[in-house]
Amino acid sequence: MSIWQYANPARFMRTTEGVLPWLVGGAVICCVTGLVWGFLTPDDFRQGSTVKIVFLHVPAAMMAINIWVMMLVASLIWIIRRHHVSALAAKAAAPIGAVMTVIALATGAIWGQPMWGSWWEWDPRLTSFLILFLFYVGYIALWSAVEDPDSAADLTGVLCLVGSVFALLSRYAVLFCNQGLHQGASLSVQSGERMSHVYRYPLYLAMLGFFLMFLALVLIRTRTEIRRRRLAALQAREMRA
Amino acid sequence: MIALLVRDLRLATRAGGGFGLGVAFFLILSALVPFGVGPDRAVLAPIAPGILWVGALLACLLSLDRIFALDHEDGSLDLLAIAPLPLEGAVAVKALAHWVTTGLPLVLAAPLFGLLLHLPPRAMPALVLSLAVGTPALSMLGAFGAAITVGLRRGGLLLSLLVLPLYVPTLIFGAEITRRGAEGLAIATPLVFLAGITLAVLALIPLAAAAALRVNLR
């Protein structure tokens with residue numbers, strides 16, 4: 001048993017078929033419970049009811065970054081070991097990541113308007129998220145521009161590697177041009193508790209729900225991509241016959 | 001390598017090579033900004049470092065698709081790929097040629113355009129220094145973008161979409177150096193960062209660009 005056996009598309013399809021309903025169910029339960037529970041929490045003494053948007057904002061922002069990391073790992077696996085499922089998973093994850101980035105930016109703007117009195121500030125965190133979004137857009141555009149699927153996987157893989165370095169570099173470079181307005185991390189493993197239990201548990205649940213939702217979506221999309229490749233192969237065979 | 005450099009430079013300077021177009025674009029941009037924001041010195045002087053750096057960035061972007069596209073069309077890129085010179089070396093030389101034809105003229109002309117935008121005279125050394133250190137990174141990153149999009153029919157727009165986010169750190173530090181120069185502050189810290197980025201880009205990006213070229217020539 002090793003993880004590499006899932007590089008076999010047939011095996012991947014069979015396994016994910018069984019796992020998917022559980023993932024979808026878990027995602028729905030966690031998201032709904034987390035968000036409803038989050039909505040029923042008492043108002044914050046300083047931020048009032050606006051604090052409730054945190055249950056959308058934080059999980060989306062967390063996923064936006066982690067999806068890029070997942071794409072980086074998948075691209076590396078493709079470049080090093082040439083497993084097609086890996087490349088297709090990276091392709092499938094990119095639009096989800098882009099949407100998560102948009103959700104994080106949009107909820108941030110809606111939250112920032114009453115709190116900071118402005119929809120948008122050139123704060124380091126906001127700026128680096130905007131740059132991350134640009135990287136997502138470029139990545140998706142490159143996938144759709146290259147016709148040959150293997151070349152597309154190679155080129156986007158290289159772009160993902162270079163883009164990761166520069167996304168990280170930009171994240172710290174923007175600290176140089178403007179100091180932040182965004183609050184620091186309220187949830188942190190090292191610094192202990194800074195957030196009340198009342199908000200922490202529904203937030204954990206919403207984060208788990210977003211994670212499961214991403215897993216379910218990326219599996220569904222990867223399955224679609226595999227089917228599309230099979231279809232293309234069948235059509236090519238028919239053309240030749 | 002030197003033969004390749006000379007060939008690229010000669011191609012760029014002959015008719016239709018587009019030598020100097022970047023500077024002309026830079027001049028037009030510097031002339032358009034005062035129309036857009038008003039010719040007031042108090043408005044122009046603070047934004048001049050940023051305008052000059054964004055202008056240099058866009059001027060650099062204009063000629064990027066020429067790095068590989070023409071060679072790809074007439075097949076000389078395939079010859080380069082099978083030549084004894086490693087493809088990484090060829091990429092580096094072509095980026096250097098792009099810098100000599102685009103970046104270097106920008107560096108030399110920048111003080112003049114700084115004058116147009118009321119950049120304080122004491123910022124001129126910082127402006128020239130930051131451009132001289134930063135533009136090689138722009139050319140090399142551009143060569144990477146051009147290598148990725150070389151086989152595509154409508155690569156131009158995609159090229160700018162891919163390359164511009166990569167320019168962000170260079171732009172931040174370059175504009176910061178110039179702004180600090182204008183205010184008479186010490187420029188050492190951002191200059192070190194910018195030089196670090198440029199050196200890392202020069203060392204590592206040829207590998208990525210050559211890998212992308214090999215995929216596109218497959």
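Student: What should I know before I start?
Tutor: This is a predicted model, where local features need pLDDT of at least 70, side-chain atom pairs count only at pLDDT 80 or more, and totals for chains, interfaces and linings use all residues. Residues are numbered from 1 along each chain as its sequence is written, and chains are lettered from A and ligands numbered from 1 in the order in which they are written.

Student: What does chain A average in pLDDT?
Tutor: Chain A averages 85. pLDDT is the predictor's confidence in each residue, from 0 to 100. In chain A, 89% of the residues score at least 70.

Student: Where is the pLDDT below 50?
Tutor: Over residues 188-193 of chain A. Beyond near neighbours in sequence, that stretch has zero contacts in the model. Two residues are in contact if their C-beta atoms, placed from the backbone, lie within 7 Å.

Student: And what does chain B average?
Tutor: Chain B averages a pLDDT of 86, and 97% of its residues score at least 70. Among its elements, helix α1 (residues 2-13) of chain B has the lowest mean pLDDT, 75. The highest, 92, belongs to α7(B). The model as a whole scores ipTM 0.86 and pTM 0.87.

Student: How many helices and strands are in chain A?
Tutor: Six helices and zero strands. Helices (H or I, at least four residues) and strands (E, at least two) are DSSP runs, numbered from the N terminus.

Student: What share of chain A is buried?
Tutor: Buried residues make up 37% of the 241 residues. A residue is buried if 20 or more other C-beta atoms lie within 10 Å of its own, exposed if 12 or fewer, and partly exposed in between; again, C-beta atoms are placed from the backbone.

Student: Why does Ala27(A) count as buried?
Tutor: Because Ala27(A) has 20 C-beta neighbours inside 10 Å. Ala27(A) sits in helix α1 (residues 9-39) of chain A.

Student: Which residues is Ala27(A) in contact with?
Tutor: Leaving aside neighbours within four places in sequence, Gly209(A), Leu212(A), Met213(A) and Ala216(A). Leu215(A) is 188 residues away along the chain, yet its C-alpha atom is 8.8 Å from that of Ala27(A).

Student: New topic. How many residues of each chain are in contact with the other chain?
Tutor: 20 residues of chain B are in contact with 23 residues of chain A. On the chain B side, α10(B) gives the largest share, six residues. That side divides into 17 nonpolar, one polar and two charged residues. Here Ala, Val, Leu, Ile, Met, Phe, Trp, Tyr, Cys and Pro count as nonpolar, Asp, Glu, Lys and Arg as charged, and the others, Gly among them, as polar.

Student: What is Ala212(B) in contact with?
Tutor: Setting aside neighbours within four places in sequence, Ala212(B) contacts Leu155(A) and Val158(A), plus Phe144(B), Ala147(B) and Ile148(B).

Student: And helix α6 of chain B: how many of its residues are buried?
Tutor: 21 of its 30 residues, so α6(B) is mostly covered.

Student: Where does α6(B) bend?
Tutor: At Ala109(B), by about 45 degrees. The bend is the angle between axes fitted to the seven residues ending there and the seven starting there. A proline, Pro111(B), follows within four residues.

Student: What comes after α6(B)?
Tutor: α6(B) is followed by His118(B), whose phi is positive, near 60 degrees.
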